[in-house]
Amino acid sequence: MSVILVHGSVETSTAPPYIAGLEQAARKGFEQLLATGNRLDAVEAMMVELENNPLFNAGLGSVLNRDGYVQTDGAIMDGVTGKFAAVAAMKNIRHAVSVARKVMECTPHVVLAGEGATLFAKEQGFAEEDCITEEQYRSWQTAMALLAEGKELNFSAFTGLKKETDTVGCVLLDDEGHLAAASSTGGSFLKLPGRVGDTPFIGGGIFASSDCAVVCTGRGEAFIQTLTAKFVQDSIAGGQSPMEAARLAIERMTRLTGEYGGLIVIDKHGQAAAAHNCSSFPVVLMINGVVTPFEIVQL
């Protein structure tokens, strides 16, 4: 049995185009799993699909930072080997997860950041592009004009858009019972150049092991400070179900930080869960290649 969970972030629209985008990403992952049998190929394929979709804050369509350009974070983790790799604050490269996988497979390092990550990506053959869509640029212009006038921003805490999006991520259990996770993001709207969220923090925004695979989304600083992904792992290893672990993790993160977010998780038995404390959290569940109705817990 293969199980895939993919999310489009908290506060993201659940309108048909967004759900269709997530379903297409899940299909890409399942097709890749059938083609190669490689769980990392599958989670990478899902993230590439969403990085190419301007509806989501990853790759093309990422939000702009304070100085008007895109910096992306991405991470990938294998639950079998425990290998993890990430890139952070990478400029002008669309496919952060693919670069993170290259870090895993082609270097002795775990994380590359900033100019070094961009240089490595170009050395590996990734094209340099600004990833800025017209919608995101207009949003940035509006925000900067309002700030100059001393006005408050009527934008998402995560992206600066009324159509709110944030980190995208996926978790997967393959037919052999092996787990993997991946996540990609353009970060938070108007962030300081160099700001890094929870995506490339192992145990903060992502974790995969022989017990479970989990990715988080929302206010990245809160997930880093509370090591929420590792909390989920420890809870499941201690005997809790994915749903219990997800609920407790979001309640704990909220209690400790007062912030907002969500997470998705699959355990080694194929049990899947999603929990959040926001107004929306689009998640697609695919079992053996079939999109399956799924209950998302809202706290």
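**A helix against a sheet**

A: Let's start inside: leaving out residues up to four places away in sequence, Val 232 touches Val 214, Ala 245, Ala 249, Leu 263 and Val 265 (touching, or contact, means heavy atoms within 4.5 Å). Keep in mind that this is a predicted model, where local features need pLDDT of at least 70 and side-chain atom pairs count only at pLDDT 80 or more, while totals for chains, interfaces and linings use all residues. Residues are numbered from 1 along each chain as its sequence is written, and side-chain values use heavy atoms, with hydrogens and water left out.

Val 232 belongs to helix H7, and the buried residues of that helix are Thr 228, Ala 229, Val 232, Gln 233, Ser 235 and Ile 236. (Buried is under 20% relative accessible area, exposed over 50%, partly exposed in between, using a 1.4 Å probe and protein chains only; helices are DSSP runs of H or I with at least four residues, strands are E runs of at least two, and both are numbered from the N terminus.) Look down the axis of H7 and its buried residues sit within an arc of 165 degrees, so they line one face of the helix; the arc is taken from the directions from the axis to the C-beta atoms. Covering those buried residues are, among others, E7, E8, helix H6 (220–226), H8 and E9. Just past the end of H7, Gly 239 has a positive phi of about 115 degrees.

Now for the sheet. It is open, with five strands in the order E7-E8-E9-E10-E13 and mixed pairing (two strands pair if DSSP finds at least two bridges between them). Strands E7 (206–208) and E13 (297–298) are at the edges with a single partner strand each, so one side of each has no neighbour in the sheet. E7 and strand E8 (residues 212–218) run antiparallel, joined by three bridges, and Ala 208 sits opposite Ala 213 in E8.

H7 (residues 228–237) packs on this sheet, touching E7, E8 and strand E9 (261–267), and its direction makes about 145 degrees with that of E8. Helix H8 (residues 242–257) also packs on the sheet: H8 touches E9, strand E10 (272–276) and E13, at about 155 degrees to the direction of E9. For these angles, axes are lines fitted to C-alpha atoms, for helices over the stretch in contact, and the angle between N-to-C directions runs from 0 to 180 degrees.

Zoom out a bit, and Val 232 turns up again. The largest nonpolar core has 41 residues, and Val 171, Val 232, Leu 263, Ile 264 and Val 265 have the most contacts inside it. (A nonpolar core is a set of buried Ala, Val, Leu, Ile, Met, Phe, Trp, Tyr and Cys residues joined through side-chain atoms within 4.5 Å.) Apart from that one lies another core, of 39 residues, including Met 47, Met 90, Phe 120 and Phe 126.

Val 99 is buried, with a relative accessible area of 0%. Setting aside neighbours within four places in sequence, Val 99 contacts Val 87, Met 90, Ile 93, Ala 117, Phe 120, Ala 121 and Phe 126.
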